[in-house]
Amino acid sequence: MWQLSGEELTTELFAAEQTLCRGYARMLEVVGEVDHRGVAVDKGFRSTAVMLVRALRVSQKEARARVTQATTALPALRTALTAGDLNREHAAEITHALTQAPDSVTSDDLADTEIALVALARQAPPFTVRKVAQRIQSYWDFDGVDPDKREQDLARPRREFRYTRTRDGRMRYSGELDAEMADLTEQLFTVLAKPAPADPFGNPDPRTRSQRQGDAIAAVLDLAARAPDVPVKAGERAVATITVSLDDLERRAGTVIPDGHTPMTVSQLRRLCCDAKVLPAVLNGAGEVLDLGRAVRTATPAQRRALAVRDKGCTAPWCTKGPKWTTPHHIEFWTNLRGGPGGRTDIGNLALMCETDHHVVHHGGWDIRLRNGIVEWIPPAWLDPQRRPLHNTAHAPPSAQAA
């Protein structure tokens, strides 16, 4: 091979692939004949698939797939395989789609679909064939339903959500969504659950896919809770009053219980106090109420618009979420009450953060500050001993040349 030029290697690559495809077509032809004659039973095997597993040392899944492809009448697929135009993955996707068709699909429709999928497979990878096949199957399932029943299903879509609370306050849930909500959820995951860019120190996103999707759900719920038309209870949106001593609040020590629910640390409380969900009832040593919320604790709509212009989105150096998915965070914590009003709710003391990075500020050891109109994040000493400030450049517009 080392003697071949680049062009000759490319030609050899295509020729080798065609040989593999034609060999697989030959394999299916042999398997079909073995099954037709009952050779496997004559030799003491329960079925042709079992014979393939024992004789060819393939998996049960592969053996069943070969038997299905070999015994299903798919002339267009077989012709394309024999010509070397399709590979075994294409054959698997097309066969699976056509053998899963409901009884309402006519033989002519099946033949037309086979031809269409084979034509697609000649120019697209198996993954694309699978997506198109799923779309066709969805149409078959939809078209085969009685119109009256379909309207009833649409009027009362099947959406279920089941959950339990664990002893430590976590929630475990399962459920089901109708097709429309499933598509919407998948689109949100595409945007919100993608891996975050590497941090300024080159570390990739450490979250697994399920963890990223969990963070995406948390972001959606957080956005919904801040919607202006969210339902209210007794004239107020979900509000909890939590009683805590001033010393504990400032030391981030101790445990508090919000309205008789799951205990939380004061560190968690400090983070929640940034939102409109919690009213802290702060007491002095004598049990006197020092503060029960404030008239203006959350940013006004005008302030949010100004922050969107200034910060352009989450200010964490690694984050790409826009203003829609953020909330204003107090740079000097709003709960710093001793000796004054604490962190003021004004533009100079606010910074936009998404729900995930809000946790990082309160529980990850990061500090933030506003300098020359730019929000800077200062990493903890274990991450950067020099604690060099960082700022978000992901929202900056591209240069004229890049644009």
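Biologist: Which residues of α4 are buried?

Modeller: In this predicted model, the buried residues of α4 are Glu62, Ala63, Arg66, Val67, Gln69 and Ala70. They span an arc of only 165° around the axis, so they sit on the same side of α4. Buried means a relative accessible area under 20%.

Biologist: Which residues are exposed on the other side of α4?

Modeller: Gln60 and Lys61. The cut-off for exposed is over 50%.

Biologist: How do you know that the span of α4 agrees with its number of residues?

Modeller: Helix α4 covers residues 60–71, which is 12 residues.

Biologist: What do the buried residues of α4 pack against?

Modeller: Four helices: α1 (6–37), α3 (48–56), α5 (75–82) and α6 (88–99).

Biologist: Why are α4 and α6 called roughly perpendicular?

Modeller: Look at the crossing angle. The axes of α4 and α6 cross at roughly 70° and come within 10 Å. Roughly perpendicular covers 65 to 115 degrees. The angle falls in that range, and α4 and α6 are therefore roughly perpendicular to each other. From α4, Glu62, Thr68 and Gln69 make the contact; from α6, Arg88, Ala91, Ala92, Thr95 and Thr99 do.

Biologist: What makes β1 and β2 a pair of strands?

Modeller: Pairing needs at least two bridges. Strands β1 (residues 160–165) and β2 (residues 171–176) have six, and they run antiparallel. One example is tyrosine 163, whose bridge partner in β2 is tyrosine 173.

Biologist: How many residues lie between the strands of this hairpin?

Modeller: Five residues separate β1 from β2. Glycine 169, in the turn, has a positive phi of about 95°.

Biologist: Why is glycine 365 called partly exposed?

Modeller: Its relative accessible area is 41%. Buried would be under 20% and exposed over 50%. The value lies in between, so glycine 365 is partly exposed.

Biologist: Where does glycine 365 lie, and what is it in contact with?

Modeller: Glycine 365 is in the loop between α15 (355–363) and β10 (367–371). Beyond neighbours within four places in sequence, glycine 365 is in contact with Val360, Ile378, Pro380 and Arg387. The C-alpha atoms of glycine 365 and tryptophan 382 are separated by 9.3 Å, though these residues are 17 apart along the chain.

Biologist: And the whole chain: how many helices and strands?

Modeller: The chain has 15 helices and 11 strands. Of its 403 residues, 33% are buried.

Terms used: Residues numbered from 1 in each chain as written. Predicted model: local features only at pLDDT ≥ 70, side-chain atom pairs only at ≥ 80, totals over all residues. Heavy atoms only, no water. Helix = DSSP H or I, 4+ residues; strand = E, 2+ residues; numbered from the N terminus. Expected span 1.5 Å × (residues − 1). Buried < 20%, exposed > 50% of the residue type's maximum accessible area, 1.4 Å probe, protein only. Arc of directions from axis to C-beta. Contact = heavy atoms within 4.5 Å. Axes fitted to C-alpha atoms, helices over the stretch in contact; angles between N-to-C directions. Parallel < 35°, antiparallel > 145°, perpendicular 65-115°, else oblique.
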